[in-house]
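Dear colleague,

Please read them with the structure open beside you.

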Amino acid sequence: MNRIDLLEFNVIKTCNLNCKGCDHFSTLSYSPDIISLESYRTDLSRLKKLGIEIKTVGLLGGEPLLVSNIEN
């Protein structure tokens, strides 16, 4: 079985710049560039069918917690 130690998804470009010590420069406005949760599930399902084991999944972006259904 093939293995990926770290797979990172960029879930959103928008950022609220509220983190302590923030030095991120990104748009404060809403960005429609949010990929649906179903799209990520489809991608992960494809990797599983290919026999690829993923150790860790990272969620990246401006501020991933701005995505309302991120906990799903």
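Arg46 and Asp43 are joined through their side chains by a salt bridge, at 3.9 Å from N to O, where the term stands for a side-chain nitrogen of Lys or Arg within 4 Å of a carboxyl oxygen of Asp or Glu. Both residues belong to helix 1, where they are 3 residues apart, or about one turn of the helix; helices here are DSSP runs (H or I, at least four residues), numbered from the N terminus. Arg46 is exposed, its relative accessible area being 52%, while Asp43 is partly exposed at 30% (buried is under 20% relative accessible area, exposed over 50%, and partly exposed in between, with a 1.4 Å probe and protein chains only).

Please keep in mind that this is a predicted model, in which local features need pLDDT of at least 70 and side-chain atom pairs count only at pLDDT 80 or more, whereas totals for chains, interfaces and linings use all residues. Residues are numbered from 1 along each chain as its sequence is written, and side-chain values use heavy atoms, with hydrogens and water left out.

Helix 1, which covers residues 37-49, also holds Glu38 and Arg41, 3 residues apart and so separated by about one helical turn. Their side chains form a salt bridge at 4.0 Å, N to O, and Glu38 is partly exposed at 48% relative accessibility, as is Arg41 at 41%.

How many salt bridges does a search of the whole structure find? The search gives 3, and one of them links Asp5 with Arg3, with the closest N and O atoms 3.1 Å apart. Arg3 is partly exposed, with a relative accessible area of 47%.

Notes. Helix = DSSP H or I, 4+ residues; strand = E, 2+ residues; numbered from the N terminus.
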